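Subject: Model for your files

Hello,

Please find the model below. Notes on what was found in it follow.

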Amino acid sequence: MDHVLAPGVLEIDTELGGWPELNAVFLIDAERPCLVETGPQLDAPRVLASLAGHGLGPDQLAYVILTHIHLDHGGAVGEFARQFPRAEVICHPRGLRHLADPTRLVAAAANVYGSRLDTLYGRMTAVDQARLRPAEDMEKLDLGAGRSVTLVHSPGHAKHHIAILDDASGVLLVGDAAGVKVPGGGPLRPATPPDDFDLELAVSSLHKMAALRPTQLVLTHFGPAGEPQEVLAEAEETMRHWCQVAEEAWSEGHSLDHVERALLERAYQPAPDPSRQPVVDALNGVESNAAGILGWLRRRGAAPEAG
Ligand SMILES: [Zn+2]
């Protein structure tokens with residue numbers, strides 16, 4: 001179901017895996033309309049149908065902006081670039097080369113997702129270099145008639161992450177920078193996947209977003225998360241807690257398995273609605289979070305190569 005977040009800001013449910021309220025894309029309807037996220041390749045037909053239903057013609061879309069290039073957010077970017085031939089495709093400068101040639105990105109995703117790559121997400125096709133444009137930090141993108149969005153570099157979940165502030169409404173689309181919280185799926189959970197989760201970067205991004213004083217904070221997984229300052233504080237607290245549990249577990253056990261078990265026992269909270277458990281776990285698995293935190297610990301020398 002589509003949902004109006006603010007005047008001119010529409011949330012479209014991609015129904016990832018057939019599940020409602022798990023993954024979203026956002027349309028900012030302006031003189032020069034802008035789509036934030038594309039969703040995964042497998043959900044493209046549904047999202048394209050929804051955009052057509054809202055009257056968006058092929059020549060109208062001006063921008064496709066990705067919060068980051070993970071496949072649940074940007075997997076369909078090739079399809080959208082073809083469908084909307086005038087749209088510029090914008091992402092963090094560090095993500096651009098992967099959109100021009102997604103081979104390595106898809107291979108890395110296959111590593112993380114395993115068999116779910118082709119059943120849940122699909123892959124990614126290349127975007128013509130000439131269509132790509134880097135998002136500069138705090139750049140204002142003109143959507144016409146006085147409307148604009150601000151592109152906010154917000155690394156941490158990934159080094160190529162940005163958030164998008166709709167300047168008119170104050171809605172901040174935060175991608176995965178604050179974590180994941182799906183209806184019925186329990187409290188806000190940090191999203192700390194491999195290969196480049198970094199706690200310090202993630203926390204400074206949370207502070208940077210708090211300083212923007214958004215009126216709404218909207219997660220790609222899924223939707224408005226609550227009072228923005230409270231959500232950002234909660235995000236920092238849970239992220240630090242998960243990292244602390246993982247670091248302690250590593251010093252006791254020195255294996256990914258041990259870290260994962262410790263996170264399950266000491267940090268993870270099950271979904272109040274049991275039917276939502278597999279949904280949130282499919283997208284934000286504890287194993288992937290453990291591996292991402294472990295990678296960060298290794299890079300800062302807190303977890304020597306082993307196990
Ligand atoms: Zn992500």
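**Zinc site**

His68 is buried, with a relative accessible area of 0%, and His70 is buried as well, at 17%; buried means under 20% relative accessible area, exposed over 50% and partly exposed in between, with a 1.4 Å probe and protein chains only. This is a predicted model, in which local features need pLDDT of at least 70 and side-chain atom pairs count only at pLDDT 80 or more, while totals for chains, interfaces and linings use all residues. Residues are numbered from 1 along each chain as its sequence is written, and side-chain values use heavy atoms, with hydrogens and water left out.

The zinc ion has as protein donors His68 (NE2), His70 (ND1), His157 (NE2) and Asp176 (OD), at 2.1 to 2.7 Å. Donors are N, O and S atoms within 2.8 Å of the metal (3.2 Å for Na, K and Ca); water is not among the atoms, so sites may look incomplete. Along the chain the donor spacing is H-x1-H-x86-H-x18-D. The arrangement is irregular because the four donor atoms subtend angles of 85 to 173°; four donors count as tetrahedral if all angles lie between 85 and 135 degrees, four count as square planar and six as octahedral if opposite donors are over 155 degrees apart and all others between 65 and 115, and anything else is irregular.

**Sheet**

Seven strands form an open sheet of mixed pairing, in the order S1-S2-S3-S4-S5-S6-S7. Strands (E, at least two residues) and helices (H or I, at least four) are DSSP runs numbered from the N terminus, and two strands pair if DSSP finds at least two bridges between them. S1 (3–6) and S7 (132–134) are the edge strands, each with a single partner, so one side of each has no neighbour in the sheet.

S3 runs antiparallel to S2, with five bridges, and antiparallel to S4, with three. A hairpin of five residues links S3 to S4. Ala24, Phe26 and Ile28 point one way from S3, Val25 and Leu27 the other, and all are buried.

**Cores**

The largest nonpolar core has 68 residues, and Leu51, Ile65, Phe80, Leu99 and Leu173 have the most contacts inside it. S3 (residues 24–28) gives the most to this core, five residues. A nonpolar core is a set of buried Ala, Val, Leu, Ile, Met, Phe, Trp, Tyr and Cys residues joined through side-chain atoms within 4.5 Å. Another core, of 39 residues, lies apart from it and includes Met209 and Leu232.

Regards
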